[in-house]
Amino acid sequence: MEQPEVAVAAGDTSDPLTGLRAVSSLRVLVESYELRQVEAALRAGMSWQEIADALGVTRQAVHKKYARRIDPTIAVPRRNRT
Amino acid sequence: MSRLTDAVVLSQQIVVTATEEAYRVGHAELELDDLLVALTAVGGPAGDVLRSLGVTVDRARSAVAQVHADRLARAGVPAPPAQPRTLPRTGGGLPWSPRADRVLTAGQWDLRLVDDRRILRDLVREPSGFVAEVLAVLGLDAEGVLTALDAWVPTATAPSGALFSPDPRPWRTVTRRGWVPAAPAEVWSLVTDPARRTAWDPWYSAVEERADGVLAATLVGEAEGAKPVPPGFERQEVVPVAREEGRLVEWELRRPDRPGGAPVQRLAVALTPSGGGTRVDLTVRWLGVGGWRAVVGLLLRPVARLAWGQMLLAKHAGIARALR
């Protein structure tokens, strides 16, 4: 689907229940993509700071959210393993 | 085990399984869909009811994925299905989403609700309607599921034989029961294959079968992110002492670097076909030691029994994880 078409359909407010449920699934999808991208970035050797910059949040925020959620086999320097 | 212990063990298994499911599909939080899949994967009454309605682990997973895909498609967002992630050796915790938290914690202190049907009822009635949508994809309606939950009667499967081999010595014994969504033959080939031991037994980082049939095992330690193992405990010999083909296997655990200095320990796995899967009874037993250690052992016995119970649950979770 072309991007403008996606935007029109996702922003369609004529059926709010369908729209709200779609947004809820979309949120889950976005969170899942974000987690996978953070893991990929750490595997590629990016630092928490670089990941935070790319996401537009603080380093503390991204570390707090993902430090314990990522694949524990990823070797992250100074990651809290408790 | 008492009904209350059963209930505590079952809720622990549900949370562990749901957390692993959330990890597998890449959720950042434990969600309602993870709880629904977990109910089909643990051997509780809710899973019995769902299986009697044709809902297996795989069908529940694909119905959940279908609901998300349909919702997104209706909103015009194409979402290619993501590949499941490989579970790590040791699971960490995940936060619970607010709605999963409500379902898990509502009524948890009501001791009349000692089985997981409460969780499924709350999932079905949950106001976002997500689980009702999943049930619709599975060709079920919410009322039908609630009626089946009310009509459920216990059909406990007794173990098909002894849980460990006969031995007259004064063993101290701890048993934990579990259920896995796989046929007994599959469970048997997993637990008796030395090459797959590390896939389910969280104790060992490496296991090799020697020519005499004894398994030479290395305990997990710092290299695997676990606690350091004290000197003399790293190596363990896992000696088969009993085997009833397809039903019972038992090993004695020895520490070759501490001859005579460690209590005798055994681990038994007994399998019984049950409800389209397998009832797995895990038993650890040990012989007490003499001298001052007997006194300490007596004082610490409740703590030791709790610790052994937790160890068995971790092994059971490993078996279930390897077969899901």
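The paragraphs below take up the cores, a strand hairpin, the salt bridges and a surface patch. Keep in mind that this is a predicted model.

Begin with the largest nonpolar core, which has 37 residues. Those with the most contacts inside it include Ile14(B), Leu35(B), Leu123(B) and Val134(B). The largest share, seven residues, comes from H2(B). Leu120(B) is another of the residues with the most contacts in this core. Leaving aside residues up to four places away in sequence, Leu120(B) touches Leu36(B), Leu39(B), Ala46(B), Leu50(B), Val145(B) and Leu149(B).

Now turn to the strands. S2 (residues 204-209) and S3 (residues 215-219) of chain B pair in the antiparallel sense, over five bridges. Val207(B) has Ala217(B) in S3(B) as its bridge partner. The two strands S2(B) and S3(B) form a hairpin, with five residues between them. In the turn, Gly213(B) has a positive phi of about 90 degrees.

Arg210(B), in the loop between S2 and S3, pairs with Glu237(B) in strand S4 of chain B, 27 residues apart. Their closest N and O atoms are 3.1 Å apart. Glu237(B) is buried at 18% relative accessible area, whereas Arg210(B) is partly exposed at 34%.

Over all chains, the structure holds 29 salt bridges. One of them joins Glu133(B) to Arg71(B), with the closest N and O atoms 2.7 Å apart. This pair links helix H7 to helix H4 of chain B across 62 residues.

Arg279(B) and Asp281(B) form another salt bridge, at 2.8 Å between the closest N and O atoms. Arg279(B) is buried at 11%, and Asp281(B) is buried at 1%. Elsewhere, salt bridges link Asp167(B), Arg169(B), Glu252(B), Arg254(B) and Arg266(B) in a network.

A nonpolar patch of about 650 Å² is made by Trp292(B), Val295(B), Val296(B), Leu299(B), Leu300(B) and Val303(B). Helix H11 of chain B gives the largest share, four residues. Val295(B) is found in this helix. Val295(B) counts as exposed because its relative accessible area is 52%, over the 50% cut-off.

Note on methods: Residues are numbered from 1 along each chain as its sequence is written. Chains are lettered from A and ligands numbered from 1 in the order in which they are written. This is a predicted model: local features need pLDDT of at least 70, side-chain atom pairs count only at pLDDT 80 or more; totals for chains, interfaces and linings use all residues. Side-chain values use heavy atoms; hydrogens and water are left out. A nonpolar core is a set of buried Ala, Val, Leu, Ile, Met, Phe, Trp, Tyr and Cys residues joined through side-chain atoms within 4.5 Å. Buried means under 20% relative accessible area, exposed over 50%, partly exposed in between (1.4 Å probe, protein chains only). Contact means heavy atoms within 4.5 Å. Patches are made of residues with over 30% relative accessible area and no salt bridge: like charges are joined within 9 Å, nonpolar side chains (Val, Leu, Ile, Met, Phe, Trp, Tyr) within 5 Å. Accessible areas come from the Shrake-Rupley method with a 1.4 Å probe; for residues, only the protein chains shown count as cover. A salt bridge is a side-chain nitrogen of Lys or Arg within 4 Å of a carboxyl oxygen of Asp or Glu. Two strands pair if DSSP finds at least two bridges between them.
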